Structure formats: structure tokens, C-alpha cells
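This briefing is intended for a reader who is meeting the structure for the first time. Please keep the sequence and the model in view while reading the points that follow.

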Amino acid sequence: MNELVKFLQITAFSHGDYTHLIMLAVGIFFITLGIVKKYEPLLLVPIGFGILIGNMPGTFGGVYDKGSVFNIIYFGVKSGLYPPLIFLGIGAMTDFSSLIANPKLVLLGAAAQFGIFATFIGAILLGFAPKAAGAIGIIGGADGPTSIFLSSHLAPELLGPIAIAAYSYMALVPLIQPPIMRLLTTDKERIIRMKNPRIVSKREKIIFPIVSFFITVSIAPRSISLLGMLFFGNLIKESGVTERLAGVSRNALIDIVTILLGIAVGASTQADVFLTKSSIKIFILGAFSFCIATAAGVLFAKLMNLFLKEKINPLIGASGVSAVPDSARVVHHEGQKYDKNNYLLMHAMAPNVAGVIGSAVAAGVLWGILK
């Protein structure tokens, strides 16, 4: 009988409470979004299962238990190792041609970063310390790896909720952005057709990552690990002589890192460190930041049209956030609701990839100022 009692005492049933049930429900919700709704399944399924791993009651060996397997995996998150490797893969799979052909669209990527700094001020007003406010603000860039990178340096204690918020809003791009785009544009603006971009030469594609590296890292030296890996990845893609390296970076490597990062981030959301008032504030500020970033991009595109002979479709301003290529796809689908023969994807990719660069630069600037 005593053995039976001891057995029951070591099971999960005797250690759990309602907080574990809440977090397990959140994990199931993420998995459901990924599998049933197909919202960013490569991210939400690992994160959702990681939440289940991190919140099973009575277990030992989680991300906060020194020396455990998950603690070792989590090292890649808290040390900021995984985000640069993700950026290497992004660089190896990204075609910057649309941005090179129409460089003025980089301004839309820059404008969308306004959400980051607006939320930084909002977080200060809600009582967060400046470092934490900077880490929260970067959620507006809709860039999960950059959010993790900056949080690991400025506010490691908030890394879990910030990472979950950033990836959640990345997954919800198709739901969050369209209403804002419709609210801020007219029917006439949504059917603006843009001139096809020119053909970009191979030489331009090779020079672009090298020149961009020098410019962006000069502005934000602390982002060198993100920007350096991004542009290195793009160089090995465009050079044409390192295809094996590019192939590994954009396939096997980024897939492995995505699995490890997703599981580790999910497992870090243990109920006792996640279910706090700060987490609720972070989710609210994250939504605010993402909405402001989307609106800023659309409004800046409308502002540019006041000075341009060849008008740009202001919908593409929404793709200035860093959720690549989902945000560009959303813009394309939204535009085709009003003109089925208007192909905005190639144009929207320019501010979209500019947003990736812009959010990394913004992270470096915030880290440099607040550290």
C-alpha cells in the first residue's frame, strides 16, 4: 500500500494545479493553430509542444534545471546563438532583387519600424524599465529571432513571454494586417498597378550584401551577428560558387535550429514564470506595436505618393514588417480582392526584406543605447 502511495506521489497528477492546466491548454491551442489553421506551422507546432514539455507538473529536467538536456538546448536561446543562425538561413533563401531594382521602397521598411519605438515609449509609461521596454518594443518588427536576440541581452527574465508574443503575432499576420490596410486605404488606392521592376544583374546581386553589410553594421554595430550572418547567407546564395553552403544554410541548418529554438522557447514558458501581469502587458503592447508598425508602413506609402509621379500601391507599406514572406503574401492577396490581375507580391517583397534589415538595425540601436 505504501508503495502505491509513493507511486501516486511521484506522478504528475499529485503535483499539478490550475496554472499547469492553463499553460497546457495554451500549448494545445498553438498546436491546433499550426496544424488545423496552418498558421506558421513550422514555428507554432514546435513552440506548442515545447509548452507542453515545460508545463507537465512534477517533472525534472526542464530548461531551468542546470545540466538537463533542455537546459543545454535553451542555452542557444539565452545566449543569442540561434537567431544569427536563423538569419544565415534567411539570407541564403532571400532574393533581394525587388529591393535592388526599386531602392526607394526601403523607406517603407524603415517606416514600419516606427511601431518599435512607439511601443518602447508605451512600455515605459506602463512601468517597465528602459531595457525591458526596448526588448518589448522590438515585437513590432514581427521578427521572432530578433526579438529573442534583443531580449536575451536586455531583458532575459522576459524572454519567454516576449518570444511567444512575437511568434504569435507573426503567425497571426493574415488576421491582424488586412483590417488595418482596409481602414487606411481607399478602393482607388488598392487597385493602383505598379510598373514591373527592372531585371537585376548578377553583379548587382553579389555586390548588394557586401555594401549593405558595411552600411548597416556601421549604423548599428551591435547587430553585427544578425546582419553579418544575413548578408553572408545572401552572398553564398548569389555568388553561385558556394551552392552547397547555401543549400545547407537554407534547408537543413535552419530547420534544425528552428526545431531547437521552438522547443526551447515553448519549454521556457513554465506557469510560475509565465502567468504574470507582466506577460499580459507584453501581449497587449506587442499587439499595439504590430498594429502601429503596419499602419506606419501604409501611411508612409500614401505620403510618398504625394511626391511620386509613378504611384505606389499603399497596401505594400504593410509588408514593411519583418514577417517574410507572409506579410508580402497577405498584401498580394488583399490587393487581388479588388483587382484579380494586379500582382503585388514582387513589389511587396521589397519593403518586406527591408523590414528584416530594419528590425535588425533597430535592435542594434536599442541595444547600443540601453546597454
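Eight aromatic pairs are present in the structure, which is a predicted model. Three of the residues involved, Phe96, Phe208 and Phe231, form one aromatic cluster.

**Aromatic pairs**

- Phe96 and Phe231 make a tilted pair, because their ring centres are 6.4 Å apart and their planes stand at 40°.
- Phe96 belongs to the loop between helix H5 (82–93) and helix H6 (97–101), while Phe231 belongs to helix H15 (residues 224–238), so this pair ties together parts that are 135 residues apart in sequence.
- Phe231 also pairs with Phe208 in an edge-to-face arrangement, with 6.4 Å from centre to centre and 75° between the planes.
- Phe208 is located in helix H14 (residues 202–219) and Phe231 in helix H15, so the second pair ties together parts that are 23 residues apart in sequence.
- Are Phe96 and Phe231 buried or exposed? Both residues are buried.
- The relative accessible area of Phe231 is 2%. Phe208 has a value of 17% and therefore counts as buried, the limit being under 20%.

**Charges over rings**

- Arg222 places its charged end over the ring of Trp367, at 5.0 Å from the ring centre.
- Lys281 lies over the face of Phe128, 5.9 Å from the centre of the ring.

**The largest nonpolar core**

- The largest nonpolar core contains 103 residues, and Phe128 and Ile136 touch the most other members.
- Helix H20 (residues 345–370) supplies the largest share of this core, with 14 residues.
- Which residues does Phe128 touch, not counting those up to four places away in sequence? They are Ala123, Ala133, Ile136, Leu158, Ser278, Lys281, Ile282 and Leu285.
- Ala123, one of the residues touched by Phe128, lies in helix H8 (residues 114–125). Ala123 is buried, and its relative accessible area is 0%.
- With neighbours within four places in sequence set aside, Ala123 is in contact with Phe128, Ala133, Ile136 and Leu285.
- Ala123 and Ile136 are 13 residues apart along the chain, and their C-alpha atoms are separated by 7.4 Å.

**Two buried serines**

- Ser289 is part of helix H18 (residues 277–305). Ser289 has a relative accessible area of 0% and is therefore buried.
- Apart from neighbours within four places in sequence, the contacts of Ser289 are Gly115, Ile116, Thr119, Gly137, Ile139 and Gly140.
- Ser147 is part of helix H10 (residues 144–154). Ser147 is likewise buried, with a relative accessible area of 0%.
- Ile138, Ile139, Ile162 and Ala166 are in contact with Ser147 when neighbours within four places in sequence are left aside.
- The C-alpha atoms of Ser147 and Ala360 are separated by 9.2 Å, although these residues are 213 residues apart along the chain.

**Pocket and cavity**

- The volume of the largest pocket is about 970 Å³. Of the 37 residues lining this pocket, Glu40, Leu42, Leu43, Val324 and Pro325 are the closest to its centre.
- The elements that contribute two or more residues to the lining of the largest pocket are helix H3 (41–54), H5, helix H11 (159–171), helix H12 (173–184), helix H16 (243–267), helix H19 (326–336) and H20.
- Which element gives the most to the lining of the largest pocket? H16 does, with seven residues.
- The structure holds one cavity of 30 Å³ or more, and the volume of the largest cavity is about 30 Å³.
- The residues lining the largest cavity are Ile90, Thr94, Phe96, Leu230, Val324, Val353 and Val356. Phe96 in this lining is also a member of the aromatic cluster with Phe208 and Phe231.
- Val324 is in the lining of the largest cavity and is also among the residues closest to the centre of the largest pocket.

Conventions: Residues are numbered from 1 along each chain as its sequence is written. This is a predicted model: local features need pLDDT of at least 70, side-chain atom pairs count only at pLDDT 80 or more; totals for chains, interfaces and linings use all residues. Side-chain values use heavy atoms; hydrogens and water are left out. A nonpolar core is a set of buried Ala, Val, Leu, Ile, Met, Phe, Trp, Tyr and Cys residues joined through side-chain atoms within 4.5 Å. Buried means under 20% relative accessible area, exposed over 50%, partly exposed in between (1.4 Å probe, protein chains only). Helices (H or I, at least four residues) and strands (E, at least two) are DSSP runs, numbered from the N terminus. Contact means heavy atoms within 4.5 Å. Rings of Phe, Tyr and Trp (its six-membered ring) pair if their centres lie within 6.5 Å; planes under 30 degrees apart count as stacked, over 60 as edge-to-face and the rest as tilted. A charge sits over a ring if NZ of Lys or CZ of Arg is within 6 Å of the ring centre and within 35 degrees of the ring normal. On a 1 Å grid over the protein atoms alone, a cavity is a set of points where a 1.4 Å probe fits but cannot get out, and a pocket is an open set with protein on both sides within 12 Å along at least five of seven lines; lining residues have an atom within 4 Å of a point. Grid points are joined across faces, edges and corners, and a volume is the space filled by probe spheres set on the points.
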